[in-house]
Amino acid sequence: MLKLRRARFSNFRLLRDVELSFSADDKKRLTVIRAENESGKTTMLTALQWAFFGDEALDEAPGRPTRLYPIDWDATAQPTVPVSVEVEFDYTSETTLKDGSSVRSEETFLIRRSCTEHPNEDGAGARTNNNLMLYRLESKGDEPVANPKVELEDKFPLGLRELFFTDGDRAQTWIEVGTQGVKRARVQNAIRSLLGLDLIEKAQDHVKETLKSFNRELKSIGPNTEAGKLGDRLAEIEVELAEAEKAKGDATEALGRIEEQIQDYDNRIGEALRQGDRDELQRQVSSANDQLKSAERTEVQLQRQHSDLFKDTSLALGLLAPHVRRARDLLAGLKARGTIPQKFLPILEEAVDQGVCVCGTSLAKGTPTRKHVCDLIDEHKKVDAIVDRLTDLNVLASRLAASLDVEEAVGWPQRARDSFQLVSGAQETLRTAQERAKELERQLEGLPDTAVADLTKAKKAAEEQRKIQIRSEREAEIKIHTVERERTELTKRRDQLLRSEKKYARLRANLRAAEDIHGVLALTFAAIQQGKMREVSEEMNRLFLGMIVANTEQAQKAIIQKAEITDDYDIVVTGPQGRRLDPDRDLNGASRRAITLSFILALTNVSGVEAPNVIDTPLGMTSGLVRQAILRTAAENATQLVLFLTPAEIRDVEDLLDEYAGAVWTMSNTAHYPTMLANEPPAADLRVVLCQCGHREFCSVCERAGDELNDRLVRRPA
Amino acid sequence: MAVNKAQLIETLREQVSAIDESERIAGYRQELLVTLAEIVEVESANRVRKTSVQQDVTAKCETLGMALLDGGWQG
């Protein structure tokens, strides 16, 4: 609900500085602004609309801006004109709760719309600095509202401007001006907006789009049976997996056993080997035999060498040593005495050979000396056999004696001892070899023929089994891996499908919900269109007949019998025998105003939309009972009613104004002095001056000059 | 202000009664009415602010659909 509280106008045409308040009394909801013609009624109506709707409310022709500044503005003194309008209003908003109920909250706002106009010679002027501010009035101060244009459009849509701000002279346009299409569109727009048909229709459109998208999605998914098939396959997989896992378990278990067997074989082979390996023993026997033979050969050789020691001259020398040394000494004595050796014979023989004696004498053949020497040589040769023998013995004795010295240094006994030790060692080695060979032979003979070989063979067989089981285990693992992978993939796919199925179910539910929503919206649209529109039509008829004071008791005598709104949004009036009346020709001015006001009031009443009806000269062309009926009906049916009335319109409705008006203001135009105003106005320029005179009062400001209506008024106390 | 929402919702409430709740879930009419009221709010807000009205309306339909499913509606 929107309710006007106060307005202030500054330099808006003749409203140079006017401020007034509107009646907020729920019991007296009417505000009357009394003014003669050309005293600011239409200007104020326009200014109020400008405050709410901006320049669009000015109905300006393209490229021809309407002048807002006062017509007599002195542009030389002040080249720009600050224009502004402030409107304070209460606004009750509704919030829908979860349970479908609604709560109301009331706030007070202030619109301040302003601009700067630049007057020019042709009376128009550029408009700059257009500005709109909206404030939320709170006890702690005024709070600017963001996006004021949007907020205002939300609270008071431009489309409803003509419904709530009505120029009486143009009020009949709802039924009589323009083509049928224009009138119909105007009525249709008002009805659809206020009854919520537009909103419902848009909601239907959006839900319809939602339905389409749901249907498309549903079609793209579709019901499917693949998830079931995948479920079957997954069940098979579980069996395969169990089998593969059992096979793997069996193989692992067999492997364990085989490993134990192999270990057992290893242990037994080790044990057997510790007892002896036949082949190895054989090799050892052979080796021992070789060693034995070698030892035998060594022993024989050493024995031989040892025997040879007893054949050695050393042994004889050792035994003959004292005799040899005695002989050497004796012979050495002979030699010392010159007995031995025979020294001259070789010398003589050499001299004969050379033909010269050692003394130099020639021993040439035939010479006596040579003969003497040759005879001497023959004589010596006869006695020298013994000397030669002794000489040889001396040489031999000397050599043996020297050998004895050497022999005594080495020592045959030592050599004999050494040789003996060697022989003894060889004999020991031989004996050891013989014992080793015998031992090995004994072991070889005592070794079971098949132990190691059989165990080795069994071990190899076990190892083969192990390979087989490892392969089986590996194959089982591969199978498990493969099946598990398939299971993972199929599970994923199945889950996708299940999700898809869930999505399908969800979409079906969404579709059901959207269809229900759409269905209810359609029913609601029809209910509003048929029910509410009929209500509006009937209410309009009731108000209209009341306004024109139709004779409802003897309806057959009335010229106007019924007004209604057709399904095509035409407002039609019918007369006797159901004949449709042409508003332009068959209705008088009062009836035309009445039916327009009736439609507006009926629509606002039925729609429940509460906003002020601001009407300029609604009672023009009316009089008497009709005037009273129109005023009474409007006052009783409007949420807040602001009427701009001329003093002439007020005539005959003063009592009603007494009854319904909560506030009355009087506006006067200073330009009317002295022709129509009795007293010189307080301002010299052209402007509207406001006074608080009620509809039965006048004051020095508004006192009319020579007006017969003055007789009906009383002077308001100063 | 353009529409008296309380009156509009009252009309919606009257039409919701035409829905056979036995074919949906218990309490469905109230859920449906709440959804319709929310859609009225969405449309009303969009009239001046140009919100993502289509998405919002779809979301409201889905919410009601979810309520159907959660309530055990089998279709």
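Two strands are taken to pair if DSSP finds at least two bridges between them. Helices (H or I, at least four residues) and strands (E, at least two) are themselves DSSP runs, numbered from the N terminus. The model described here is predicted, so that local features need pLDDT of at least 70 and side-chain atom pairs count only at pLDDT 80 or more, while totals for chains, interfaces and linings use all residues. Residues are numbered from 1 along each chain as its sequence is written, and chains are lettered from A and ligands numbered from 1 in the order in which they are written.

Strand E1 (residues 2–12) of chain A pairs with strand E2 (residues 15–21) of chain A in the antiparallel sense, over 6 bridges. One of the bridges joins A:Ser10 to its partner A:Asp17 in E2(A). The two strands form a hairpin with 2 residues between them, and A:Arg13 in the turn has a positive phi of about 50 degrees.

Chain A as a whole has 19 helices and 17 strands. Of its 718 residues, 31% count as buried, a residue being buried if 20 or more other C-beta atoms lie within 10 Å of its own, exposed if 12 or fewer, and partly exposed in between, with C-beta atoms placed from the backbone. Two residues are in contact if their C-beta atoms, placed from the backbone, lie within 7 Å. Among the contacts in chain A between residues at least 6 apart in sequence, 75% join residues at least 24 apart.

Chain A also holds an open sheet of 6 strands, in the order E8-E12-E13-E3-E14-E15, with mixed pairing. Its edge strands, each pairing on one side only, are strand E8 (165–167) and strand E15 (688–691) of chain A. From one strand to the next the twist averages 20 degrees; here, as for helices, axes are lines fitted to C-alpha atoms (for helices over the stretch in contact), and angles run from 0 to 180 degrees between N-to-C directions. Within this sheet, strand E3 (residues 30–35) and strand E13 (residues 640–645) of chain A pair in the parallel sense over 5 bridges. A:Thr31 has A:Val642 in E13(A) as its bridge partner.

Helix packing in chain A can be followed with helix H16 (residues 589–607) and helix H17 (residues 624–637), whose axes lie 10 Å apart at an angle of about 15 degrees. That makes H16(A) roughly parallel to H17(A), since angles under 35 degrees count as roughly parallel, over 145 as roughly antiparallel, 65 to 115 as roughly perpendicular and the rest as oblique. On the H16(A) side, A:Ala590, A:Ala594, A:Leu597, A:Leu601 and A:Asn605 meet A:Val626, A:Ile630, A:Thr633, A:Ala634 and A:Asn637 in H17(A). The residues of this contact divide into 7 nonpolar, 3 polar and no charged. In this scheme Ala, Val, Leu, Ile, Met, Phe, Trp, Tyr, Cys and Pro count as nonpolar, Asp, Glu, Lys and Arg as charged, and the others, Gly among them, as polar.

Further along chain A, A:Cys702 is found in the loop between strand E16 (697–698) and strand E17 (714–715). A:Cys702 is buried because 28 other C-beta atoms lie within 10 Å. Leaving aside neighbours within four places in sequence, A:Cys702 is in contact with A:Thr666, A:Ser668, A:Cys691 and A:Cys693. A:Ser668 is 34 residues away along the chain, yet the C-alpha atoms of A:Cys702 and A:Ser668 are separated by 5.8 Å.

Chain B comes to 3 helices and 0 strands, and from the N terminus on its elements run α-α-α. Of its 75 residues, 48% count as buried. The axes of helix H2 (residues 28–49) and helix H3 (residues 53–70) of chain B come within 10 Å and cross at roughly 170 degrees. H2(B) and H3(B) are therefore roughly antiparallel to each other. By class, their contact has 7 nonpolar, 3 polar and 5 charged residues.

Finally, the two chains meet: 44 residues of chain A are in contact with 42 residues of chain B. The largest share of the side of chain A that touches chain B, 15 residues, comes from H14(A). The residues of that side divide into 20 nonpolar, 12 polar and 12 charged.
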